[in-house]
Every structure is written in C-alpha cells, then in structure tokens.
Amino acid sequence: MSGAAFLILALALGTPSAEDEQLLAQAQAAFTQGVALRQRPEEARAQFHRAAELYHQLHDRGYASAELLSNEGNAWFLADDLPRAILAYRRGFLLDPTHPDLRANLAAAREKVLQNSPTGFGSPPVDQRPPWLPRLRLAGMLFTTFAILYSLSWLALTRWWMVRRPGWLALGLLGMSLVTLALWMFWREGRDVYEAKVHPLVVIAEDGVVLRKGNGLAYPARSETPLPRGAEARLLYRRGDWLQLELSGGEIGWVPAAYALIDLPPSDRD
Amino acid sequence: MGPLVVLLSLLLHAEKAVPEPPFANRPLLYAGAIGSYRASLEATPTRVEVEQPIRLTLRVQLKRGQALQAPGRPDLSVMEDLQSLFYIETPQPASAHPAENTWEFYYVLRPRSVQVKDLPDIPFYYFDPSVDPNGYQKTYAEGIALTVTEPVRQIEVIPPVPLPAGPASLYRIGEGSTLLRQDTGEVWPGTFFLVLLLVGPPAACLVWWVIWQRLYPDAVRAARQRRSRAARHALKALRTVTQLPPEKQGRQVEQVLTTYLQERMDLTIVEPTPNEVANHLQRNGISEGVRNQIVELYRSCDAFTYGEGTYSAPPSLSKGAGEVILALENEPCLAQRS
C-alpha cells in the first residue's frame with residue numbers, strides 16, 4: 001500500500017522512483033545485449049522480448065514519452081512482434097510527430113505488414129498531409145511561442161492604427177499570417193490526438209483474422225482475404241468480445257477482441 | 001567346311017578334359033572353382049555406425065597351374081552366422097577379374113548392431129581333382145576386426161530465422177532517465193484560457209490605444225489627419241511642388257488645393273476663384289479664420305502665377321498650403337466626417 005502511495009506521489013511530482021529507473025536500466029541492458037547477439041538471432045530475440053516487456057511495464061506505470069515508446073517499439077519489432085511494435089510507435093507518434101526514428105521505424109513496420117497482404121486489404125493508413133507541411137510537436141514551449149507571436153502581431157497592428165506607418169502594418173500582417181498557419185497546423189495535430197481518444201487505435205495481433213459483417217462467427221466475412229497481422233484500424237464500437245472497426249480504406253466490420261490490441265490508456269486497460 | 005569341323009571337334013575334346021565336380025557333398029558356398037586357390041578379404045571402412053555400409057571384397061587367386069574353370073561369385077547370404085550379423089546386399093558390379101589368375105567378388109554388408117566386433121573368416125570352396133577327385137577343398141579368407149558404433153541421431157538443422165531487417169534506427173534507443181516523462185501529447189489549454197488568449201491581446205491593445213489617445217492628443221490629431229486620404233494625398237503632392245520650375249509652382253499649389261477641396265468637401269468648380277472657394281467653405285461651416293487663410297492662399301497663387309504684385313516665395317507657398325490643409329482637417333465639421 002505504501003509502495004503504491006509512493007509511486008503515485010512520485011508520478012505526481014514527475015520524478016521517477018528508483019525502482020522505475022532500475023526497470024529502465026534493465027530494459028536498456030537487455031536491448032543492448034540483444035544488439036550484441038545479433039549474429040545469434042534466437043538469443044537476441046529473447047533479449048529484445050525481455051526489453052520490450054520492461055519498457056511496456058514502464059508505460060503501464062504511467063510513463064509516456066516518445067523516446068520510451070520508440071524504444072519499446074524497436075524492441076517489439078526486433079522480437080518479431082510487429083503488432084505491438086506498431087502500437088508503441090503510434091502511441092509515441094501522438095506524443096511527438098516530429099521524432100525522426102519513430103517515423104522511419106513505423107514506416108518499416110508498415111512495409112512488413114504490406115508484404116503480408118498481397119491484396120492490400122487492411123493496408124496501413126496513408127498520411128494525407130501535404131509533404132511540404134512540417135510536423136509540429138504539440139509542446140507547451142512551441143504553443144507559448146505562437147501565443148507571444150499572436151500578441152506581438154496585435155501590438156504591431158495597433159501601433160499601425162495609431163501612427164499609420166506601413167512598416168507596422170506589414171509586421172502585424174506577417175505575424176498574423178504565421179499565427180494562422182500555426183493554428184491550422186496545431187489544429188491538424190490536435191485533431192489526430194482527439195481522434196485517437198474518441199476512436200482508439202486497434203492493431204490486429206494475429207494472422208488470418210477475418211473481418212465480419214456482424215459480431216459473431218455466423219456472420220459472413222466482409223472480405224475473403226483475412227486481415228494481415230499488424231493491420232491498423234479505428235475502434236468504432238465494442239459489443240461484448242467483439243470490436244467494430246473501421247479500416248484505413250473505409251471498410252467497417254467486426255473482429256474478435258481477443259485477436260486485437262487496443263490503444264487504451266493504462267488506467268482503462270483490462 | 002573342313003576347318004569348322006576341326007574346331008568343333010577340338011572344343012568337344014577340350015570340354016571333355018575338364019573334370020566334373022562331384023554332386024555328392026557339394027557345399028552351398030561352392031561356386032564352380034576348379035583348381036587350387038587361396039582367398040583373402042578386404043573391407044572398407046572398418047569403423048562404421050550400425051546399418052552403415054561396408055564394402056567387402058573377396059579376392060581369390062589361383063595358387064598353381066591353370067584354372068580349369070573360373071570361380072563364380074559365392075553367395076554369402078547362405079551363411080547363417082554371417083546373416084545374423086550383417087544385412088548382405090549385392091552391389092553393381094558384383095565381380096571383377098583384375099588379373100589373369102585373380103578374381104574379385106564384391107558385397108555390401110551392413111552391421112545389424114554394435115555387437116558386431118569383426119567380420120568372421122569366410123570359407124572358399126574349390127574342387128581340385130589332383131588332390132581329391134571325389135571331394136571339395138576349402139580355404140579361409142581371414143576375418144577382419146570391425147568397430148561398429150551407435151548411429152548418430154539425425155537432427156534436422158533448421159537455419160535460424162534472422163532478425164527482421166529494418167533501418168539502422170531500429171537498433172538505436174534513447175537512454176537516460178529523461179525517458180521517464182509523462183507527456184500527454186496535448187498542450188491545448190482549457191477553454192477559458194484559450195478564449196483569454198484569443199481575446200486578451202486585442203483587448204489590451206484597445207486599452208493601449210485609448211490611453212495613447214489621452215496621453216498624446218497632438219499625435220492623435222496628426223494621425224487623424226493622416227487618416228484623411230485626400231489630405232494625405234494633397235500633402236504628399238505639395239512636397240513634390242518644390243521640384244517644379246518656380247513659374248509653375250503657384251499653379252500647381254492651387255491645383256492641389258482645388259483637388260483636395262473637391263475630394264474632401266465636394267467642391268464642384270474646376271477652376272474656382274478665391275471668392276467661390278470662400279463661399280463654398282462658408283456653406284460647409286468652416287470657421288472664418290481658416291476660410292480667410294485659404295482665400296488668401298488662393299490669391300497668392302494667382303498673383304504668383306499671373307505676376308500681380310509681390311508675394312511669398314514658392315517654398316513658403318507650398319508650406320502655407322500644407323498648414324491650411326491641416327487647419328481644415330482640424331475643423332470640427334471635418335473631424336466628425338473622418
């Protein structure tokens with residue numbers, strides 16, 4: 001009881017406990033050991049699996065940083081657990097969409113999923129973002145910067161109203177343009193976070209899972225091709241042991257909950 | 001015809017010369033050898049696993065004289081004691097005749113168990129009528145020691161599945177206790193703070209503007225004047241007047257003033273006289289002082305243009321026009337319009 005209270009207190013204060021730091025050290029040691037055993041894949045895989053479980057344990061304890069989830073994803077990936085790797089990467093991506101390793105490794109994991117889906121059914125979502133539009137990390141510092149820019153733009157416009165010097169007008173309009181662009185980008189990132197809350201991510205954990213038209217084995221299959229392991233979808237509804245999903249291609253159907261990983265916050269997990 | 005008959009008779013004679021081995025007591029291993037022979041064995045390898053093949057060679061050589069009849073290949077499978085120790089197979093070829101008086105017979109033996117310690121002596125039977133015309137002679141090919149081992153268990157070697165291929169970043173991990181953060185991924189403040197952030201800066205700017213108006217009334221007035229587009233254009237045009245030749249400056253100042261009055265006070269006359277300007281200003285409620293100032297300026301411009309009397313130099317003419325415009329902008333009736 002006192003241990004739990006200490007953990008809660010440590011989390012509230014934002015300082016990791018010694019036990020958590022020890023877990024982290026163990027996870028990193030296991031990962032490093034796995035890398036050292038690369039020439040002996042079976043032993044390396046066991047080490048990566050252990051590292052992944054330790055990282056996941058830390059995540060379950062309430063720690064959530066893009067780096068931690070990237071580590072967890074890498075460990076699952078190298079332990080040949082593609083669905084859990086994708087889930088970890090996607091969680092990290094929500095925290096920091098600018099993390100370069102997360103993006104590259106998630107792309108590699110999705111490529112492997114596509115290799116297992118010759119028909120393309122259940123293929124990963126395609127990023128609709130314009131390639132020229134930079135990603136923004138929804139960090140407090142950046143938001144504060146734009147808030148200050150917004151205020152300065154107002155000051156420049158007011159000054160222009162007072163003295164009618166064109167320079168102030170140009171400054172004010174430039175600032176407001178930047179703020180508008182930033183707001184749009186924030187809105188796009190925020191929409192992903194919101195979407196992830198309302199319709200959590202679901203990753204198919206097994207091969208051969210059939211997407212059905214209803215919540216039961218008696219219902220016909222939505223597609224003759226089963227979903228590939230690692231296919232990503234959004235959770236629309238849960239009825240008993242069945243999940244209603246929407247795939248990135250827009251297909252809606254049901255799968256047994258036992259064959260899927262759901263991105264729920266640690267407090268909501270079973 | 002004659003030689004053929006001679007050859008046939010010779011052959012018949014020769015056949016009759018080979019003695020017939022007796023049927024009585026003929027050994028099962030006897031394979032037709034007539035003459036005197038010795039036998040030897042050769043086995044390769046001598047160290048084998050159970051049921052693995054040993055190539056056995058039975059070599060038979062004529063000891064003396066001529067082979068009256070070439071030996072055949074003895075059938076070792078009739079040897080029950082040998083059968084109990086080995087599986088016996090026949091390879092291809094099964095025999096050879098490497099030299100004139102030497103014959104080789106080949107066998108493949110597979111030891112049945114690790115109990116087999118050697119290959120026993122193999123008897124070779126032949127019929128030598130010069131020794132005993134009614135019986136068979138026997139010689140032994142000396143046995144060979146063998147080492148038979150347990151079979152090595154066949155383990156199917158499955159090549160290890162390599163680690164998944166991926167970018168180099170797959171093997172890179174972040175380190176340090178800074179990983180143990182609790183980021184939420186959200187920085188949107190609450191609705192109240194967001195509204196405050198959106199409305200606060202413009203509200204603060206409004207307050208600033210009001211205070212600024214109180215603290216700097218002249219600056220306010222100047223700004224208001226600058227806000228009059230007609231006045232702004234007129235003042236700008238007056239600044240360029242000085243660049244004209246002196247004889248054209250009076251005319252230009254008058255035109256600038258007239259355009260200003262047309263835009264700002266709806267003066268419709270294209271080339272008004274000073275009196276027409278005075279009347280128009282009066283109708284628009286311009287104070288007498290300013291009105292007189294403008295009329296005087298018009299007269300000055302006319303006088304300068306048409307050379308009547310002595311009047312101010314051109315720079316002071318355009319400066320005076322600027323002051324008159326500012327004075328007009330300060331008139332209450334115009335200030336209300338802007």
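## Close-up views of a predicted two-chain model

**View 1. Five strands of chain A form an open sheet, in the order S4-S3-S2-S1-S5, with antiparallel pairing.** Please keep in mind, here and in the views that follow, that this is a predicted model. S4 and strand S5 (260-262) of chain A stand at the edges of the sheet, and each has a single partner strand, so one side of each is left without a neighbour there. From one strand to the next, the twist averages 45 degrees.

View 2. S2(A) covers residues 232-239 and S3(A) covers residues 242-247; they pair in the antiparallel sense over 6 bridges. To find your way across the pair, look for A:Arg234, which stands opposite A:Glu246 in S3(A).

View 3. Strand S4 of chain A spans residues 252-256 and runs antiparallel to S3(A), joined to it by 5 bridges. Here A:Leu245 stands opposite A:Gly253 in S4(A).

**View 4. Helix H5 of chain A lies across strands S1, S2 and S5 of chain A.** The helix is made of residues 82-95, and S1(A) of residues 201-204. H5(A) runs at about 160 degrees to S1(A).

**View 5. Helices H3 and H4 of chain A pack with their axes 8 Å apart.** H3(A) takes in residues 41-60 and H4(A) residues 66-78, and the angle between them is about 150 degrees. The two helices are therefore roughly antiparallel to each other, and their crossing is left-handed. Residues in the contact include A:Phe48, A:Tyr55 and A:His59 of H3(A), along with A:Leu68, A:Glu72 and A:Trp76 of H4(A). Sorted by class, the contact has 10 nonpolar, 3 polar and 1 charged residues.

**View 6. Chain B touches chain A through 34 residues of chain B and 50 residues of chain A.** On the chain B side, the elements that give two or more residues are helix H3 (191-215) and helix H4 (217-227) of chain B. H3(B) supplies the largest share of that side, with 7 residues. By class, the chain B side divides into 21 nonpolar, 6 polar and 7 charged residues.

How values were computed
Residues numbered from 1 in each chain as written. Chains lettered and ligands numbered in written order. Predicted model: local features only at pLDDT ≥ 70, side-chain atom pairs only at ≥ 80, totals over all residues. Axes fitted to C-alpha atoms, helices over the stretch in contact; angles between N-to-C directions. Helix = DSSP H or I, 4+ residues; strand = E, 2+ residues; numbered from the N terminus. Parallel < 35°, antiparallel > 145°, perpendicular 65-115°, else oblique. Left-handed = near helix turned anticlockwise from the far one by under 90°. Contact = placed C-beta atoms within 7 Å. Nonpolar A, V, L, I, M, F, W, Y, C, P; charged D, E, K, R; others polar. Pairing = 2+ DSSP bridges.
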